[in-house]
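Subject: Structure to look at

Hi,

Here is the structure I promised you. Please open it and keep it on screen while you read my notes below.

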Amino acid sequence: MDPDTPHVAVLAVHTDVVEREEHRSLEEMIFQASRAVLERAGLDRCALDGVVLSGNDQVDGRVISCMPSAGPAGGVGLDVTMIASSGEHALVYGYLRLLSGQGRTVLVVGWGKPSESVHPDFAELVSAEPYVLRAVGMNDTLAAALQASTWITDGGPSGDDVVSWPLTRDDLPARCDGVYAAVLAVEGSFEPGRELAWVHDAGWSTDRYEMGARDLRVQTALAGAREQVTATGCGPAGWTSVEIAGPSEPAVVAATATLGLADGAAVNASGSLASAPAPAHVAGLARMLAAAGSVARREADTGPPAVAAGIGLNGFAGQGATVMVFGEERKA
Amino acid sequence: MNRQHVGVLGVGQSEYVTRRTDVTFPELVREGALLALADAGITMDEVDAVVFPLAPDALIGVGNGERWCVEALGASGKPFMRVNNGGATGMSAIIAAWTHVASGMFDVVLVAGADRVSESGSAQSVLNKMWDVGYERPVPLNTITMLALSAMRYNHLYGADETDMARVTVKNRRHASLNPKAHLRTPVTVEEVLASRVLAWPIKLGDACPSSTGAAGAVLVSERYARAHGLHPAWIRGIGQNTETFWMGDRVGPRSVSDHADADALAVAFQRAYTRAGVTDPGRQLDVAEIYAPFSSVELHVIEAAGLAAKGEAPRRIAEGHFALGANGIVVNPSGGVLCSNPIAVTGVARLAEATLQVQGRAGAHQVADARTAVASAIGGDHQFYSALVLSDDLEEIA
Amino acid sequence: MTTIPAPAAGGPQFYEQTWDLSYRHALGETTSAFLGALAERRILGRRCPACGRVLVPARSFCDRDHVDTTDWVEVARTGAIEMFTIVYEPFRNLPAPPYALAYVTLDGADTALVGYVRGLDLSDKDAAVAALAIGTRVEVGFADEPQGTAADYWFELPAGG
């Protein structure tokens, strides 16, 4: 990479998670989260050089989600781009914006409010293509179960808490309403020490849509993303912890193997998929912000500098995967 | 800014038509990808990353429709993301691809996509769901009425009328008749436009874009890649985006900062692109404008926002024959523009594609003589998301 | 595996599918209060403490200044047309034409409210267009039994005006 490429830091993160928010509109939640993260970063929105948004039209019932949300996110008068493929891609895109020299600061906001959907599962079903998969009712849970079935070695669960064999309720991600916001900034644009974490690198990749053409046992997209960050010296060998959003707990376990983590690296310290709920569209973003927050400089910390990765798996059975690596110290 | 210059190595467009029954949506996307790759003279193997433009999922009927198109794009195993900025999606995706390259992470980035609005039996009622849940959806706003409101207000403020709007259609249809890819290619007269049926006054059928099916794509490359391979892409010299308030009712009256009659926030996006490109006098320095205007009325205020005419002056300039193929000075929408072809998700990609062909002298019958520089723009949301970029055939200072 | 001749397609096939997605949107307290006031035939706005504008319909924050709005303001039921359109084209799942829509700045408000214009003969387009010219004064009409939704109100030309 160009030696002039700036170092990028996460200045602040803010998450607003509610099991079921009935008192505030989605737009009000976005406004409040954006205000909060800007305050935490010590920035006026007018000082921003861009805003990156991510929402899912079907989950929230907004046909072009960026329309009602750009204003509450503080985007009036600014360059606003919605990255609709997933919240984790929005954070990556915010990072790319700064690397490309488009200003010194960017606000990234992603959200999901499945409680507005009368049948959130049905909103998921429309992600199945209409010719074959929709007819069989394919959704995230079924796809995750098909994938998990390929990893079964012991006959699988037999209890009555099976949702879609071999997955039980505890194996599946819990959902909630949530808005996730972060301010990224290039070095020199903020007071040193003000940063929460430094971005070391990002990698993202995708596998095929057709599950019949994939080997679901192998997390191909995740392996691709891992290779990208490994190539720049930011691979899993150096991570002290990792936060993984996956379609199932077996997928998280498989991901730790796919990544090849160092001994002692903490996995999902912020909670299991079932105990740390997030909207599907931004579950990866949530884990990335958790990872960034986890490396924040601590008093009386004498160990080696923390490096944490946030991992998102998006689409049926982790069709897509994103890795973002954060460090307590600037990338060497 | 511009650590790395970013070039446009190749562009592709299918013909734009009302309906395609021979292909699925991903197969149509694949057409856009293959056309762009062929024009660039590379294969998918050389592509480092893919950016996919797709506006509302509801119009193609598949949620997160980008994931369905990964195979068609040859994106499997590559970094891939989707942009949705409404009608500006195509150009925002180009700007996102520019960002991928300018970041230094990638040398070759593909943008390709498609739309087939005709698959949605109720596009305008789907698009009504763009508006505010509590206040605006109970009123039948849609993309036609929102711009009818703008058109009538423009006409009122500047003393323009439906004949001024009709002249835009006449110019663009004549241009489209020379463009084999355009959807509406039959020339029309002012009288015919004025006699066409009223959709939402003052917008008549003759003032409106078609619902188009088609595909488009582009390959963006880094300067180091172009030099290493001895290639001569067109160059993106400046980009700019800006965003307006969502609330159309906030764009009127003495306390508004921009008027729904005008495209003031788009003027800011143009200015951002011009500043980066070193353009100070666009009407003189630029040869071609491929600007997003799905209704005749929109072209009037976008010409003004682009700095090609003073506010309220576009109707007179068009009546005098300016901005048309063959006229002296900058030509606006030599392809026939969005008014003659509007495949929503890739309409902004098509603007870049046409601008590229023009600055490289490859536009065929609708070529602007000796064109070297161009500006392209797009609009999304309820006249809310604005994108602009400046293109030239070399990296010389734009004089 | 055996290679076979291309099967006869018999012409393109189509799948008719409908997205039957239902939502129960949380409107928030500010929008809820605005709609509640409609049931009392009152139109409310919120004042932005930074720019001082009275935003109608009422919003809990100002997108220009990115701050919470602070005060409730009741605005008049009269105002002036800022822009309008008359729709003559039928759109699937939208009301049958013709109908007129207008944005009206009510007296005391700084932003315009959208609504139908009722009580006007739209069959003569030119006459209707002239009657609704920008700046024309209108009044807010209310349903006999307002339900607290944005469908409760509309605009109409003053009687005898």
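Let me start with the contact between chains A and C. Chain A puts in 24 residues and chain C puts in 18 residues. On the side of chain A that touches chain C, helix 1 (26-41) and helix 5 (120-125) of chain A each supply at least two residues. Helix 1 of chain A has the largest share, with 3 residues. That side of chain A splits into 9 nonpolar, 8 polar and 7 charged residues. Bear in mind that this is a predicted model.

Next, chains A and B. Here 51 residues of chain B are in contact with 47 residues of chain A. Several elements of chain B each give at least two residues to the side that touches chain A, among them helix 2 (57-60), helix 6 (123-128) and strand 8 (234-243). Helix 5 of chain B gives the most, with 5 residues. The side of chain B that touches chain A divides into 20 nonpolar, 20 polar and 11 charged residues.

Look for C:Val138 in strand 9 (residues 137-142) of chain C. Is C:Val138 buried or exposed? C:Val138 has 23 other C-beta atoms within 10 Å, and 20 or more count as buried, so C:Val138 is buried. Which residues does C:Val138 touch, leaving out those up to four places away in sequence? They are C:Gly79, C:Ile81, C:Val104, C:Phe155, C:Glu156 and C:Leu157. Take C:Gly79. C:Gly79 and C:Val138 are 59 residues apart in sequence, yet 5.6 Å apart in space, C-alpha to C-alpha.

Best wishes

Notes:
Residues numbered from 1 in each chain as written. Chains lettered and ligands numbered in written order. Predicted model: local features only at pLDDT ≥ 70, side-chain atom pairs only at ≥ 80, totals over all residues. Helix = DSSP H or I, 4+ residues; strand = E, 2+ residues; numbered from the N terminus. Buried ≥ 20, exposed ≤ 12 C-beta atoms within 10 Å, placed from the backbone. Contact = placed C-beta atoms within 7 Å. Nonpolar A, V, L, I, M, F, W, Y, C, P; charged D, E, K, R; others polar.
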